[in-house]
Amino acid sequence: MTQQLFGFSANRRIVAGLLVNLFSSICIVFINKWIYVRYGFPNMTLTLVHFVVTWLGLYICQKMDIFCPKSLPLRRIMWLALSFCGFVAFTNLSLQNNSIGTYQLAKVMTTPVIILIQTTYYRKTFSTKIKLTLVPITLGVILNSYYDVRFNLLGTVFATLGVLVTSLYQVAPLSSAILLGIIPMFEPLTGDGGIFGPWSLPALVMVLFSGVVAFLVNLSIYWIIGNTSAVTYNMFGHFKFCITLIGGYLLFHDPLSLNQALGILCTLAGILSYTHFKLVEQEEGKSRLAQKP
């Protein structure tokens, strides 16, 4: 009876964690897009707010003994912090300058780029089946971008940089300090559009809320990875991908042509195939290790 109650309680925690991640991961995209479209809030300043709120949230979690932090030498985490800044800043710039559909599909290109980097620089090999799944992924992204009526060069540049930095990234206080030094070079501090500009109360509330949601995204991702299987994490990610795409077209009235829809379906088919073959290979690898004397 005690084991049944414990199992039921554990399942409830897993469901709660998945729901928090679902809500926060989808909301952060729509909230940030709303802040850019409605208020024109500066991108890197919003990223800084995310970092600061995340750091404060983690500090509170530490005091509540939710996790035990580990310290590393500054030189060992400097590049990680820099790549983390680039990863968040460029993906936010991509969201600001692209439709939500193009923004979502551009992020999918992280997988082919990671495979390319690992093959070229680390001499890692991948099966033919895994490589073939990259064809529909890449083709779908190109198809969607080509027929996106809101396609623009600047958005494409930011999306590309976001993919490259994310591929290298795969730290909050240090990242906040780095951004704090960079922001004055790219964004005004005072006046219209500045961090200390005349922002309305609704704008400030939305920005703060966006920071809280960003903290929930980061916390729930690590919790899900630590408490569920790879299958659950990947399948749940695909579900969020579809919901975010649909929400973008419904909430922001992003135009969707037939060719774009085909591109999205093509990319989704590639993602599902990649996940399936990758998980099968991982299970086969575990079986081989278990059979060794």
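Predicted model: local features only at pLDDT ≥ 70, side-chain atom pairs only at ≥ 80, totals over all residues.
The chain holds eleven helices and zero strands, so that, read from the N terminus on, its elements run α-α-α-α-α-α-α-α-α-α-α. Of the 293 residues in the chain, 42% are buried.

Spanning residues 201-227, helix α9 has 27 residues and reaches 39 Å from its first C-alpha to its last, which is close to the 39 Å expected at 1.5 Å a residue. Its buried residues are Ala203, Val207, Ser210, Gly211, Val213, Ala214, Phe215, Val217, Ser220 and Ile224. An α-helix has 3.6 residues a turn, so residues three or four places apart point the same way. With that in mind, the reader may trace Ala203, Val207, Ser210, Val213, Val217, Ser220 and Ile224, which are among the buried residues of α9.

Asparagine 21 lies in helix α1, which covers residues 2-39, and the side chain of asparagine 21 makes a polar contact of 2.9 Å with the side chain of serine 220. Asparagine 21 counts as buried because its relative accessible area is 2%, where the cut-off for burial is under 20%; serine 220, for its part, is listed with the buried residues of α9.

The model contains two aromatic pairs, and one of them joins phenylalanine 41 and tryptophan 199 in a tilted arrangement, with 4.8 Å from centre to centre and 45 degrees between the planes. Both phenylalanine 41 and tryptophan 199 are buried.

Helix α4, made of residues 100-108, is mostly covered, with eight of its nine residues buried. Those buried residues are Ile100, Gly101, Thr102, Tyr103, Gln104, Leu105, Ala106 and Val108.

The surface, finally, has a site of another kind. Val52, Trp55, Leu56, Tyr59, Ile60, Met64 and Ile66 make a nonpolar surface patch of about 680 Å². Within this group, methionine 64 lies in the loop between α2 (43-63) and α3 (74-97), and methionine 64 is classed as exposed because its relative accessible area is 56%, the cut-off for exposure being over 50%.

Note on methods: Residues numbered from 1 in each chain as written. Heavy atoms only, no water. Helix = DSSP H or I, 4+ residues; strand = E, 2+ residues; numbered from the N terminus. Expected span 1.5 Å × (residues − 1). Buried < 20%, exposed > 50% of the residue type's maximum accessible area, 1.4 Å probe, protein only. Patch = residues over 30% accessible without salt bridge, like charges linked within 9 Å, V, L, I, M, F, W, Y side chains within 5 Å. Areas by Shrake-Rupley, 256 points an atom, 1.4 Å probe, with all protein chains shown as cover. Salt bridge = Lys/Arg side-chain N within 4 Å of Asp/Glu carboxyl O. Polar contact = N/O pair within 3.5 Å; in protein donor to acceptor, adjacent residues only side chain to side chain. Phe/Tyr/Trp six-rings, centres within 6.5 Å; stacked < 30°, edge-to-face > 60°.
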